[in-house]
Amino acid sequence: METKNDKTPAKKWEKYAGAKKPSMKRRMEGHDYFDRGIYMITMAIEGRKPLLGTLHGEPTVTEGDRIPQVTLSAMGEKVKECWMLIPSFHPKVKILKLCIMPDHIHGILFVQEKMEKPLGKVIEGFKIGTRKAARELGIMQTLYPALSEQEKKSRHTAAGRTHGKLWEPNYNDRILMHKGQLERMFAYLEDNPRRLLLKRQHPEYFTRLGTINVAGIQMQAVGNRFLLDNPVKLQIQCSRRLTLEEIEHQKDIMLYQAHDQGAILVSPCISPGEQQIATAALTERIPLIVLLLKGFSPFFKPQPKYLEACTEGRLLMLSPYPYQNEKIDNMRQRCIQLNNIAVTICS
């Protein structure tokens with residue numbers, strides 16, 4: 001029986017992970033955040049204010065002064081300093097990577113052995129340190145001027161109010177569990193400034209289009225909606241039972257038809273075969289409509305292999321589902337639904 005004095009790690013963990021949080025800020029259910037593991041942490045400045053630095057450079061430049069990069073502000077330097085001090089307070093935590101963007105940060109932490117406190121306490125300490133630095137720099141007073149007593153009472157309920165703590169509440173973590181994930185995350189963080197520059201230069205293809213009607217279905221959309229107007233659209237659908245030779249044969253047929261007919265390819269890109277054909281289509285600059293399984297996160301960014309296609313208007317991403325962070329229970333049914341939607345779009 002649980003008692004008020006039960007201080008075991010499992011019970012303490014329930015305090016931090018038991019309550020579900022919305023969207024991207026939710027912790028992984030059942031994961032022991034005291035335990036060893038590699039985590040990519042993402043935190044955003046409240047209101048997405050660009051307090052941490054200035055982005056500059058050219059997305060096509062790969063060397064010299066014009067490479068995509070962020071020049072840190074005084075606050076950005078303090079954030080970097082506080083992040084690098086984490087092992088001083090938590091010796092079991094090793095810093096693997098830090099990427100500071102103007103309005104958010106990504107950091108990869110390696111918890112080398114089981115800790116006495118959960119990961120959330122590590123992040124909480126970092127936030128406390130950066131808030132102290134922001135007060136010393138005069139940033140907190142500028143961002144959150146003194147409020148009247150009535151305003152203080154309504155702060156947490158009034159629409160548009162900030163909570164006055166520098167960072168948005170909570171944080172997002174991604175637990176790296178599979179081979180190759182760490183290298184991909186390093187590459188993702190290194191490429192972050194370039195991707196943001198591309199997004200700023202081509203906002204029309206990265207802006208959410210809201211809910212649009214696609215083949216009689218209401219769907220959320222990001223990308224070039226005019227791809228739907230193309231009269232020739234071909235569905236990519238590959239069973240997981242296909243051999244590598246059969247997938248290669250189907251890929252050759254699809255790419256030939258796309259080039260020959262000027263077609264748009266359409267697919268949820270779920271099975272390995274569908275992903276392989278979609279990647280080949282992007283490489284050959286064939287336009288693509290992708291149906292997403294989990295909807296769009298609040299600060300959705302296209303995955304790296306979609307990025308160039310987005311900037312050139314060769315990609316449209318659609319989803320009939322609201323965003324969800326947790327595992328999909330009815331995965332098979334959802335895959336069937338998306339493939340049926342792909343058929344409808346192509347017909």
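These legends go with a set of close-up views of a predicted model.

The model is predicted, so local features need pLDDT of at least 70 and side-chain atom pairs count only at pLDDT 80 or more, while totals for chains, interfaces and linings use all residues. Residues are numbered from 1 along each chain as its sequence is written, and side-chain values use heavy atoms, with hydrogens and water left out.

**View 1. The whole chain, before we zoom in.** The protein chain has twelve helices and twelve strands; both are DSSP runs numbered from the N terminus, with helices being H or I of at least four residues and strands being E of at least two. Of the 347 residues, 44% are buried. Here buried means under 20% relative accessible area, exposed means over 50%, and partly exposed is in between, using a 1.4 Å probe and protein chains only. Among contacts between residues at least 6 apart in sequence, 68% join residues at least 24 apart, where contact means heavy atoms within 4.5 Å.

**View 2. An open sheet of four strands.** The order across the sheet is E4-E5-E1-E6, with antiparallel pairing; two strands pair if DSSP finds at least two bridges between them. E4 and strand E6 (172-176) are the edge strands, each pairing on one side only. On average, neighbouring strands of this sheet are turned by 20 degrees against each other, direction ignored. For such angles, axes are lines fitted to C-alpha atoms, over the stretch in contact in the case of helices, and the values run from 0 to 180 degrees between N-to-C directions. Strand E1 (residues 37-44) and E6 run antiparallel and are joined by five bridges. For a spot to look at, find Thr42, whose bridge partner in E6 is Asn172.

**View 3. Helix H4 across the sheet.** H4 lies across E1, E4 and strand E5 (104-111), and runs at about 40 degrees to E1. Within H4 (residues 119-136), Lys121 and Glu124 sit three residues apart, about one turn of the helix. Their side chains meet in a salt bridge (3.3 Å, N to O); the term stands for a side-chain nitrogen of Lys or Arg within 4 Å of a carboxyl oxygen of Asp or Glu. Lys121 is partly exposed at 27% relative accessible area, and Glu124 is partly exposed as well, at 37%.

View 4. The whole structure holds 13 salt bridges. In one of them, the side chains of Glu190 and Lys97 meet at 2.2 Å, N to O. Glu190 lies in helix H7 (residues 181-190) and Lys97 in strand E4 (residues 93-100), so the pair ties together parts that are 93 residues apart in sequence. Glu190 is exposed, with a relative accessible area of 55%.

**View 5. A network of salt bridges.** Four residues are linked here: Asp191, Arg194, Arg195 and Glu308. Asp191 and Arg195 meet through their side chains in a salt bridge of 3.7 Å, N to O. Arg195 counts as buried, at 5% relative accessibility.

**View 6. Helix H11 and its cover.** Tyr306, Leu307, Ala309, Cys310 and Thr311 are the buried residues of helix H11 (residues 304-311). What covers them includes helix H8 (192-201), helix H10 (272-283), strand E11 (288-291) and strand E12 (315-319). After H11 comes Gly313, with a positive phi near 75 degrees.

**View 7. The buried face of helix H2.** Met75, Gly76, Val79, Cys82 and Trp83 are buried in helix H2 (residues 74-84). Seen down the axis of H2, these buried residues fall within an arc of 125 degrees, so they line one face of the helix. The arc is taken from the directions that run from the helix axis to the C-beta atoms.

**View 8. Arg208 and its contacts.** Arg208 belongs to strand E7 (residues 208-214) and is partly exposed, with a relative accessible area of 37%. Leaving aside neighbours within four places in sequence, Arg208 is in contact with Ala221, Val222, Phe296, Ser297, Pro298 and Phe300. Gln220 is twelve residues from Arg208 along the chain, and their C-alpha atoms are separated by 7.7 Å.

**View 9. Two cysteines.** Cys335 counts as buried at 15% relative accessibility, whereas Cys346 counts as partly exposed at 21%. The structure holds zero disulfides, a disulfide being a pair of cysteine sulfur atoms within 2.5 Å.
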